[in-house]
Amino acid sequence: MIKTKWLIYTVAIGLLPFLLRLLMFVVGKNAGYDFLMNESDFITFGLVLNLTNLNELEHKKESVWKTQMIGLAAIQVAVYAGILVISYITEFPKQEIIRPHILFYCSLILSIISFIFSYSIYDRLNKLSINEQS
């Protein structure tokens, strides 16, 4: 049940900006693929995943694993915050410092890594929950 709630409450909510953009892309007349592929949607997804990890782990019994996962999630939040600032810089007119397509691929890859990381946390929490009930 923990993983199901995670999929509904975290993954679906985290993907909401992308899903809304996808809907706008499908129904819009002049929306190109560059509109669909926006790094800020995937940065938001990664932030939602990691902030949820922090919140969920905070209420668990102390362990080395918990401390390590909280540390990794906190580092990822800081990285995503930095990448979000960089993505805002790409919106400045005539900026030539950042290559937006590279930033998009980086944010996409990082969000996939965050998804796997978050899934592993909730998988372990699910197993711990099942063991406690037995």
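Phe25 counts as buried, because its relative accessibility is 17% and buried means under 20% relative accessible area, exposed over 50% and partly exposed in between, with a 1.4 Å probe and protein chains only. The ring of Phe25 pairs with that of Tyr33: the centres are 5.1 Å apart and the planes stand at 45 degrees, so the pair is tilted. For ring pairs, the rings of Phe, Tyr and Trp (its six-membered ring) must have centres within 6.5 Å; planes under 30 degrees apart are stacked, over 60 edge-to-face, and the rest tilted. Tyr33, in turn, is exposed, with a relative accessible area of 62%.

Before I continue, a word on the source. This is a predicted model, in which local features need pLDDT of at least 70 and side-chain atom pairs count only at pLDDT 80 or more, whereas totals for chains, interfaces and linings use all residues. Residues are numbered from 1 along each chain as its sequence is written, and side-chain values use heavy atoms, with hydrogens and water left out.

How many aromatic pairs does the rule give? The count comes to eight. One of them joins Trp6 and Phe115, with ring centres 5.3 Å apart and planes at 35 degrees, so this pair is tilted as well. The pair links distant parts of the chain, since Trp6 is in helix H1 and Phe115 in helix H6, 109 residues apart. Helices here are DSSP runs of H or I of at least four residues, strands are runs of E of at least two, and both are numbered from the N terminus. Is Trp6 buried or exposed? Trp6 is buried, at a relative accessible area of 2%, while Phe115 counts as partly exposed at 29%. Ring pairs also connect Trp6, Phe45, Phe115, Tyr119 and Tyr122 into a cluster.

I turn to the cores. A nonpolar core is a set of buried Ala, Val, Leu, Ile, Met, Phe, Trp, Tyr and Cys residues joined through side-chain atoms within 4.5 Å. The largest one has 12 residues, including Trp6, Phe45, Trp65, Met69 and Tyr122. Helices H1 (2–14), H4 (39–58), H5 (64–89) and H6 (100–133) each supply at least two residues of this core. Which helix gives the most? H6 does, with four residues. Apart from this core lies another, of eight residues, among them Leu47, Ile83, Leu84 and Ile98. In soluble globular proteins, nonpolar side chains tend to be buried together.

Leaving aside neighbours within four places in sequence, Trp6 is in contact with Val11, Leu49, Phe115, Ser118, Tyr119 and Tyr122, where contact means heavy atoms within 4.5 Å.

Arg21 is found in helix H2, residues 16–27, and is buried, with a relative accessible area of 16%. The side chain of Arg21 makes a polar contact with the side chain of Asp41 at 2.5 Å. Such a contact is a pair of N or O atoms within 3.5 Å; within protein, one must be able to donate a hydrogen and the other to accept it, and residues adjacent in sequence count only if both atoms are side-chain atoms. Arg21 also lies over the face of Phe35, 5.0 Å from the ring centre; the rule asks for NZ of Lys or CZ of Arg within 6 Å of the ring centre and within 35 degrees of the ring normal. Not counting residues up to four places away in sequence, Arg21 touches Phe35, Leu36, Asn38, Ser40 and Asp41.

Two further positions deserve mention. Ser107 lies in helix H6 and is buried, with a relative accessible area of 0%. Beyond its neighbours within four places in sequence, Ser107 is in contact with Glu39, Phe42 and Ile43. Ile70, in helix H5, is partly exposed at 21%. Ile70 touches Leu54, Leu57 and Glu58, residues up to four places away in sequence not being counted.

Finally, the chain as a whole. The secondary structure comes to six helices and zero strands. Buried residues make up 35% of the 134 residues. Of the contacts between residues at least 6 apart in sequence, 70% join residues at least 24 apart. The C-alpha trace spans about 60 × 35 × 20 Å along its principal axes.
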